Amino acid sequence: MTKSYLPVVASALARKYGVRVQLVDHLDARTDGNTIILPAIASEMNPRLRTLLRGLLDHEAGHIRYTDFSVPISDMLNVLEDVRIERLMIQTFRGCRDNLRGAVEEFLIPLNPIKAASRQNARMNVAIYLSLYLRERLIGFSHVLDAPVKAWRRVTVQRIGDGLLRTIEDLALSGLQSAQDTWAVHELAQKIEALLKEPGTGDEEKTESSSGDSGNDQSDSQSSPESDSGEDEGGNQLGTGDEDGTDSSSSRDSGDDQSDSQSSPESASVEPGLGEILRQALLGEIAPKFTGDMILPRVKLVGQVDCWDPQEKGQAEAIAERLRHQLLSYFQGRTWSRDGNRRSGARLDYSKLSKLRYANPRVFKGPEIRRNPSAAIYLVLDASASMKAEGRLHIARQTTYALCRALTSGWQTEGILLKSVCFPYRSSLQLGLLFDSQNNQKPIPEVFASVSASGGTPLHAPLRWIGMDAQMDPNVRDKEKRIAIIVTDGMPNDINLALYAINFVHESGVQTYGIGIGVRLSHLFHHWCTIQDIRQLPGVMVESLKRALSTPALR
């Protein structure tokens with residue numbers, strides 16, 4: 001299943017032609033009425049993620065179908081409008097119920113209300129509670145939301161009191177049941193916010209210094225430039241300060257602050273999607289879960305050192321030349337073919353002269369036709385800390401570089417699209433781009449020499465990227481064969497997650513081959529080989545490449 005169906009489904013659900021769906025590599029789900037932005041989660045890796053993606057799509061399509069985008073946006077309006085449009089979508093499309101419930105379960109249920117309440121003001125607590133309470137009462141998710149609603153109610157009562165909360169519950173329930181459009185929901189949100197502004201509700205906390213909760217209070221108009229940038233040095237757009245996606249107190253993007261009176265027109269025109277309040281207020285609990293298992297890793301260009309060790313480089317160059325010569329005869333045999341026999345021509349095909357007995361004049365050789373191999377090849381270099389042992393990284397670097405050189409040298413390889421990455425690169429959610437034949441004519445040895453071993457082995461990250469890239473890059477989709485070659489020591493952080501990712505790659509039409517550096521890879525790959533030294537590479541890899549390029553493509 002590819003992502004190409006998403007715009008078609010979105011247009012049908014939203015009852016609007018030409019709705020675009022944009023996948024982004026960070027946690028985001030929203031729409032501006034024309035484009036739906038969704039996180040590029042690897043939904044094919046398991047059914048739970050597939051339901052989540054469908055739920056997000058249904059929710060955002062519901063906003064396009066039912067929301068009036070001319071209405072001024074606020075946090076409370078967003079919560080109430082979310083429930084209204086989900087209720088209408090379920091009434092219109094019964095299949096949306098399971099998808100929306102799956103999205104609610106992923107965003108809302110796992111959160112800890114006691115931990116979250118210590119970070120939020122009363123207004124935010126009420127918004128989160130109403131998000132749960134109204135879905136339970138009006139949509140019918142009581143069997144999954146009963147316990148979370150009770151837990152959040154206890155916390156919210158401590159902040160504003162039981163009497164005021166009951167008043168807000170009754171007002172929100174009756175007002176939302178009778179609301180016919182977004183403007184009616186806007187009036188209801190203003191009434192609730194007016195109640196929360198009364199003295200003694202605890203909402204006066206939002207006027208305090210931003211030092212305690214500046215990253216979570218979305219009404220704070222004094223957010224720092226660092227929080228506005230939304231991206232740290234490691235390329236993490238989730239606003240999490242650590243490279244591995246752990247919690248940080250900085251806000252992800254001040255453009256998401258829908259209650260800030262100084263927000264730009266661009267940010268005000270974009271209606272936040274499902275879980276916007278939770279994504280901003282409780283980012284520390286949501287982000288690690290999503291970035292660790294679902295979000296597509298980012299790819300950054302790897303820098304280069306001044307020079308590569310002459311001996312190591314010379315050995316890699318020699319192996320690349322041996323590989324190229326051994327593959328040359330194979331490519332030449334498959335590149336040139338004759339277009340059958342013809343009635344006339346300049347050269348006779350003596351093997352076909354017997355046709356003249358039967359008055360068949362097709363005895364002349366047809367022209368030779370050049371058909372370049374059509375393949376997309378991914379080369380993945382494991383640069384985890386375990387590769388330091390026994391000089392494995394040196395062999396892996398040489399292997400990856402030699403394969404890149406051999407598969408991009410000469411006109412016989414013009415039909416091969418090659419991409420090479422290393423992992424992890426600066427963080428577990430980031431890959432380093434070593435070579436892309438779409439941008440460079442030949443690999444640069446100093447780039448491969450700059451790869452150093454550090455960090456864990458999140459093998460699922462590059463595999464997930466390969467699966468998504470094979471689906472989304474039209475140049476890759478046009479190739480007859482798609483192959484992934486992983487150079488590793490075979491010790492991933494999570495073997496089950498790695499196997500899920502390998503299956504996802506196969507479902508994306510990509511064959512996988514493993515090269516074990518001193519280890520067996522039978523626990524990961526069906527096709528694999530082991531080398532102890534770079535000099536063994538041509539002997540074990542040529543036949544594997546021939547088999548990969550000649551076997552039927554996975555579709």
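Predicted model: local features only at pLDDT ≥ 70, side-chain atom pairs only at ≥ 80, totals over all residues.
Residues are numbered from 1 along each chain as its sequence is written, and side-chain values use heavy atoms, with hydrogens and water left out.

**Confidence**
- The chain averages a pLDDT (the predictor's confidence in each residue, from 0 to 100) of 76, and 72% of the residues score at least 70.
- Over residues 204-293 pLDDT stays under 50, and there the model has 205 contacts (heavy atoms within 4.5 Å) beyond four places in sequence.

**The sheet**
- Seven strands form an open sheet with mixed pairing, in the order E5-E12-E11-E10-E13-E14-E15. Strands (E, at least two residues) and helices (H or I, at least four) are DSSP runs, numbered from the N terminus, and two strands pair if DSSP finds at least two bridges between them.
- Strand E5 (298-301) and strand E15 (528-531) sit at the edges with a single partner strand each, so one side of each has no neighbour in the sheet.
- On average, neighbouring strands here are turned by 25 degrees against each other, direction ignored.
- Strand E10 (residues 375-382) and strand E11 (residues 416-423) run parallel, joined by eight bridges. Asp382 has Phe423 as its bridge partner in E11.

**Helix H17 and its neighbours**
- Helix H17 (residues 460-472) lies across E5, E10, E11, strand E12 (430-436) and strand E13 (481-488), at about 165 degrees to E10. Axes are lines fitted to C-alpha atoms, for helices over the stretch in contact, and angles run from 0 to 180 degrees between N-to-C directions.
- The axes of H17 and helix H19 (residues 495-507) come within 8 Å and cross at roughly 15 degrees. That makes H17 roughly parallel to H19 (angles under 35 degrees count as roughly parallel, over 145 as roughly antiparallel, 65 to 115 as roughly perpendicular and the rest as oblique).
- Residues making this contact include Leu463, Ile466 and Met468 of H17 and Ala501, Ile502 and Phe504 of H19.

**Helices H3 and H9**
- Helix H3 (residues 75-92) packs with helix H9 (residues 182-196) at an angle of about 135 degrees, their axes 9 Å apart. The two are therefore oblique to each other.
- Among the residues in contact are Leu77, Leu80 and Arg84 of H3, plus Val185, Leu188 and Ile192 of H9.
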